[in-house]
Structures are given as structure tokens and as C-alpha cells.
Amino acid sequence: MGLPTGLPTGLPTGAPVAAVPAAVPAPALVLRGALVVDGSGGHPYRADVVTRDGLITAIHREGDPGPRPGTASGPGSGAGRVVDADGLALAPGFIDMHAHSDLALLTDPGHQAKAAQGVTLEVLGQDGLSYAPVDDRTLAGLRGQLAGWNGEPAGLDWSWRGVGEYLDRLDAGPAGHGLAVNAAYLVPHGTLRALVLGWEDRPATADELRRMRELLARGLAEGAVGLSAGLTYSPGMYAGTDELVELCRTVAEFDGYFCPHHRSYGADALGAYAETIDIARRSGCALHLAHATMNFEVNRGRAGELLALLDSAQDVDLSLDSYPYLPGSTTLAALLPGWATAGGPQQTLRRLADPAARAAIREAMEVHGSDGCHGVVADWTTVQVSGVRSAELRSTVGLTVAQLAERERESGFDAFVRLLRQDELATTILQHVGHEENVRAIMRHRTHTGGSDGLLTGDRPHPRAYGTFPRYLGHYVREQGVLSLAECVEHLSARPARRLRLADRGLVRTGYRADLVLFDPDTVAAGSSYEHPRRTPRGIPYVLVSGTPVIDDHRRTEATPGRTVRRTTSSGPRPDRALHRRAASAP
């Protein structure tokens, strides 16, 4: 199969990537007497489930004839272990469709933040910004820009440059033996743009766009599952719609999906969502809406309008994810207007030191509403410091910018700029701009999946990093009844598996991968809170990745059976896929 039309030659076309170290085969394990919530959305049922060598090998329903698994003559005879699952629900492992563990997986073998929630697969490379593909210059800029998201881990070997090399590094894990959980990767649009254009605020030339398509095709051929974009983050925010359409045509040819962080979740949020639907329609690319929500006061109670827009796009292969909390979380620098961050972190700091530029930034943020703040005038009472890089600034953590300004007897804007400069743009924040009625309405949508969007660094990170999945099950299923248990499990497992085109995950079925979670539906709950964001969940005693317990009787084991989940590369790009979709959606 040839390359996508118009791309330079010399790219891999389905060639195998470097060998992936195999996980150690898991011995037979019997999960006895569980309430199986199988991910299909159907009625739960009681059964014994057998796993062996990483797969589900038998399901013996209550009342089925024949000996029970684990007995001398039943399935799983000679099992290494039988787990009494009476009183527990057994579900497919949860898939975090929006994760920021890009460096955490390389530095934290335990990765309890996600493993303890029942997450068995994370999708990285989100919001258009991550660490592959890069060259030396681009990597240096990204490390500075993303320090607030991912930290700057001491001693990390940064020697990868391409997507395939990064995935190989993930497969090795922190100690050369794999990961706590599985991981997939999206090629980040902002990273592509930084590599080809730098952080310049201008349209790409035809040659630059061709180069971005080449790099994107290479990343997809090496195993990435799609393309992400961060359209309120520099440098991705400088791209026009047509640029994104052209890139998404390449994604469609590889049967991947487009995952945008939209241009606005505030003013004209509906217009920003409409743009991404237009991109998907014109390109023929599947669309997954990142952390879909309607924030700020201007959007209170307007989730129904968003869902009507999505439902009207029947010709688009569409899905979305959300987190079950009201505040958002990002870096403090992300609120700046886009022009102020052009050129990268050092240029941004120079502008913040320049009185004339600072005055223009103030007007953009406090009079007009900057694009970085979603077109909404900054309200410093809603912006709360959650983490700083400089130890000298620790006293600011937990304060809103308004409270910090009052303490220092300065304006909110001056406090904002001073903190950015002193912490060299690494400050992270919570932004208290969400609405409960919107969160509930969106999570009921027929295409909804779960995504934590959790930053794992900082002094007091958002509790969603450690609590998203048990909060869905405990608060919104058991306590509030917004979703049934079967519906919620489907949202967190089978639906994301379908979006990722994983034929062997997301359901409790014989022959499927034994990525499984056992939880107590009567007690499961998030342990994390805004005061104690790193507390682990309650009511999730067992989590299996490829049949190997990574959480065993509530404790993290030393096992690292997780590996990267890569887009199938055997067939290479398929231009006919995008052409077929565009023809099908033509009026």
C-alpha cells in the first residue's frame, strides 16, 4: 500500500516497529462468584471467571452445568489461585481516554494513581503537547513548557526522538521490565508544529504542512492511534481550520481518530465544537472530543445545546470523554493570550518583563477575554494555585490569585504576572468554572467515555488524577443514580475500546485480554479530595493487567505487565478509508 497522496517518499509503510518485550505469562487464576458487569451495558450476572496466560479462558455462569472452575475437573483446574469474589463486581479494566502520564509511566513503577482506580489502559499525548516526535531544540522547549503538567524528573533519559522510540521506552518502563498499566499514544499536533515551525504565530506554508503530514504519518505507522490538538495552547492554537483538516485526512487514512482540546470551553464554546465537527466531516476522520464540557458562567445550563449539536452530526463518527468534577486544571501560563506565548517560554517571560507588553496582556485578559482563557474575562477568584516548581512559592499553594493579591496588596493581574515570572511559567492551577448540571447531562450522552485529564505533579493536584473512575461508580452511580452500574461500566470500558478499535478489550468475554477490575459496588469511592488529592480509592481490592494482579487485596504489587497498545501497522495507510468517509458524508 502506498503513502497518503502528496507525502514525501521514504516513510515506513507498515514495517514492524522494534520488538516489544513480552510480559511474563500469568498463571491460571479463578475469580469465583463475582457479579459480572461485562461492559456491554447488559444485565449483570454471577459467574466464575478463569484467566490464563493473559486471557480470559472460561466464564462459568451461576447455574451452568458441569463442575465449577478451579475444581479438579473444572475449567482452570490446577489454577495457581482462586480469589473469592463474592460481593464484588467484576468489570473490564477501565480505559482512561485522557491521561497525562507521559513521564510518570517512565519514572514511577507503581503508578498507583491509575492502577488503584482500576485503570488498565491510558491514552497519552493529549492536548496537542507531548514529547514525540521531537528534535533537540523542540524537546528543550517542550520540557520547559510542560514542566507544570509533567514536572522535570531527575535522571530521566530523554534520548528518544521519534514516536516509535518513545513507545519502545514506555514498553521498557522505569526499570526495563514494563509498566504498571497499558498505554496508547496520540501524535500531538502542537508538538508537530513546534518541530516544523517552532512556536511561531502564523499559518504553515505548503511545504511545512507537507512536512507535518510526513511526521504524522510516520508516528501513526509506528503505532500512534491518532492525532491530538490543543487549540488554546501554544503553538497549536496558531493553526487554522484548513491545516487541521489536511492533517486529519492523514489520520483518516490510517484509521485513527482526532482528539481536540477545542478553541474554547467558554465564550463561543458551541462554535469551537462546531469547528471540530467540520474538521471531521471535511477530512473523513473519526472525532473524539476531549474533556467535553461547557464551562464559565456564560455556559451555565447549556449542555443540552452542545448535545443537540453533537446529535445533529449523524454523518460523523463521534465520541467524547469527560471527568466527573467541576473545576478544570491546567497551567497558569495557559491563561495568557496566544500572541503573548509566541516564540516559546523564553519569549513569553521577556514579554511579561516588558511594561508595554504587560499592559497589552492586561487589556486582553481583563477587558476583552483572552483566547487562552477561552474568551472570558479573567476572574481571579476562580483561579487557585495547585502547584509550583519553586520551593520559595509553596505558601501560594491553595490560594486563589485574588487571595494572593490581597495578601501581597497588589492587583490580581500583578499577582498573576509576578507568580508566572517567579515560577518560570511552571505554576499549575485549578480553575473553578464548571457546572454540575452540565457535567451530569454530558455523562449521560450515548457516546460518553471517561477521561481523568489528571495532572500528577504539583503540591495539590486536581483530585481527578486519583479519583475519576471510583467517583463515577460511587458518587454518580450508587449515590446519585445518574447512571446505572451497567451503563457506567460500559462508558468506562467497552466504549473507549471501540474508539481505540481494540477487538480484544473492553468486555468480559472468553478470549479477551484479562484486563479486569474487581470492586465493591456498595463501598467504591474516590479517596482523593481537594485537601488530600493523592489518597487512593476505597472499594477496589483487585486489578489485573493481562491476568497479572497489579492491585492485590488493596495493595500495589511489584508486577509491571503493562505494555503499549499500538495501532495495527500491518496494512499501512489506506487512502481509500478517508475517501470513502468523505463520499459518505457528502450532501
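**Group meeting: a walk through the sheets and helices**

Okay, let's start with the big picture: eight strands make an open sheet, in the order 6-7-8-9-10-11-12-16, and the pairing is parallel. Before I go on, this is a predicted model, so local features need pLDDT of at least 70 and side-chain atom pairs count only at pLDDT 80 or more, while totals for chains, interfaces and linings use all residues. Residues are numbered from 1 along each chain as its sequence is written, and side-chain values use heavy atoms, with hydrogens and water left out.

A quick word on terms. Helices (H or I, at least four residues) and strands (E, at least two) are DSSP runs, numbered from the N terminus. Two strands pair if DSSP finds at least two bridges between them.

When I quote angles, they run from 0 to 180 degrees between N-to-C directions, and axes are lines fitted to C-alpha atoms, for helices over the stretch in contact.

Now zoom in on strand 8, residues 182-188. How many of its residues are buried? Seven of seven, so to speak: the strand is mostly covered. Buried here means under 20% relative accessible area, with exposed over 50% and partly exposed in between, using a 1.4 Å probe and protein chains only. If you look at the side chains, N182, A184, L186 and P188 point one way, A183, Y185 and V187 point the other way, and all are buried.

Who sits beside strand 8? With strand 7 it pairs in the parallel sense over four bridges, and L124 stands opposite Y185 of strand 8. With strand 9, strand 8 also pairs in the parallel sense, over three bridges; there, L186 stands opposite G226 of strand 9.

Further along the sheet, strand 10 and strand 11 (residues 286-289) pair in the parallel sense over two bridges. Y257 stands opposite A286 in strand 11. Helix 9 packs on the sheet here, touching strand 10, strand 11 and strand 12 (318-322), and its direction makes about 160° with that of strand 11. Helix 16 (residues 464-479) packs on the sheet as well, touching strand 6, strand 7, strand 12 and strand 16, with its direction at about 130° to that of strand 6. Contact, by the way, means heavy atoms within 4.5 Å.

Helix 9 has a helix partner too. Two packed helices are described by the angle between their axes and the distance between the axes. For helix 9 (residues 269-283) and helix 10 (residues 303-312), the axes come within 10 Å and cross at roughly 15°. Helix 9 and helix 10 are therefore roughly parallel to each other. The cut-offs are under 35 degrees for roughly parallel, over 145 for roughly antiparallel, 65 to 115 for roughly perpendicular, and oblique for the rest.

Which residues make that contact? From helix 9 we have L270, Y273, A274 and I277, and from helix 10 E305, L306, L309 and L310. They divide into seven nonpolar, no polar and one charged.

Three strands form an open one in the order 13-15-14, and the pairing is antiparallel. Strand 13 (328-331) and strand 14 (383-387) stand at the edges, each with a single partner strand, so one side of each has no neighbour in the sheet. The twist averages 35° from one strand to the next. Strand 13 and strand 15 run antiparallel and are joined by four bridges, with T428 of strand 15 as the bridge partner of T331.

The peptide bond from A132 to P133 is cis, with omega near 0°, and P133 sits in the loop between strand 7 (119-124) and helix 3 (136-145). Another cis peptide bond joins S234 and P235, with omega about 0°; P235 lies in the loop between strand 9 (226-230) and helix 8 (241-253).

Then there is phi. D255 isn't a glycine, yet its phi is positive, about 60°, and D255 is found in the loop between helix 8 and strand 10 (257-261). L425 also has a positive phi, near 70°, and lies in the loop between helix 14 (412-422) and strand 15 (428-431). Is L425 buried or exposed? L425 is buried, with a relative accessible area of 9%.

Note on methods
Nonpolar A, V, L, I, M, F, W, Y, C, P; charged D, E, K, R; others polar.
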